[in-house]
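Please work through each task before reading its solution.

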Amino acid sequence: MSEETTPIKLKHKDGQEYTLDFDLDSVHFAEAQGFEWDEVSRKHATMIPILWFSAFRRYHKTVSRKKD
């Protein structure tokens, strides 16, 4: 049984809109980066950035992490 996620839309200060969402590829990417659900509460400083970037990456693979 598949579950749908609800995308989160964010607007950058320059007016560009970005969408955070997951698909199978973004979940695989998060796991390859070391993300583990069981570790979120214990290692939130490590796990949350991986989770956030993986959700961002679904629609914005070419956007640099360094964008201000």
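A salt bridge is counted when a side-chain nitrogen of Lys or Arg lies within 4 Å of a carboxyl oxygen of Asp or Glu. The model examined here is predicted.

**Exercise 1.** Determine how far apart the closest N and O atoms of Asp-25 and Lys-61 are, and which parts of the chain the pair ties together.

*Solution.* 
Step 1. The closest N and O atoms of Asp-25 and Lys-61 are 3.2 Å apart. The cut-off is 4 Å, and the pair forms a salt bridge.
Step 2. Asp-25 belongs to helix H1 and Lys-61 to the segment after H2, so the bridge ties together parts that are 36 residues apart in sequence.
Step 3. Lys-61 has a relative accessibility of 52% and counts as exposed, because the threshold for that class is over 50%. Asp-25, at 36%, is partly exposed.

**Exercise 2.** Identify the salt bridge that Asp-25 forms with an arginine, and locate both residues.

*Solution.* 
Step 1. The arginine is Arg-57, with the closest N and O atoms 3.5 Å from each other.
Step 2. This pair links distant parts of the chain: Asp-25 is in helix H1 and Arg-57 in helix H2, 32 residues apart.

**Exercise 3.** Describe the salt bridge between Arg-58 and Asp-23 and the network to which both residues belong.

*Solution.* 
Step 1. In the bridge between Arg-58 and Asp-23, the closest N and O atoms are 3.4 Å apart.
Step 2. Arg-58 lies in the segment after helix H2 (44–57), whereas Asp-23 lies in the loop between strand S2 (17–20) and helix H1 (24–32); the two are 35 residues apart.
Step 3. Arg-58 is partly exposed at 26% relative accessibility, and Asp-23 is partly exposed at 28%.
Step 4. A network of salt bridges links Asp-21, Asp-23 and Arg-58. The search of the whole structure finds five salt bridges.

**Exercise 4.** Classify the relative orientation of H1 and H2, and list the residues that make their contact.

*Solution.* 
Step 1. The helices H1 and H2 pack at an angle of about 150°, and their axes are 9 Å apart.
Step 2. Angles over 145 degrees count as roughly antiparallel; H1 and H2 are therefore roughly antiparallel to each other.
Step 3. The crossing of H1 past H2 is right-handed.
Step 4. H1 contributes Asp-25, Ser-26, Phe-29 and Ala-30 to the contact, and H2 contributes Ile-50, Phe-53, Ser-54 and Arg-57.

Methods:
Residues numbered from 1 in each chain as written. Predicted model: local features only at pLDDT ≥ 70, side-chain atom pairs only at ≥ 80, totals over all residues. Heavy atoms only, no water. Helix = DSSP H or I, 4+ residues; strand = E, 2+ residues; numbered from the N terminus. Buried < 20%, exposed > 50% of the residue type's maximum accessible area, 1.4 Å probe, protein only. Axes fitted to C-alpha atoms, helices over the stretch in contact; angles between N-to-C directions. Parallel < 35°, antiparallel > 145°, perpendicular 65-115°, else oblique. Left-handed = near helix turned anticlockwise from the far one by under 90°. Contact = heavy atoms within 4.5 Å.
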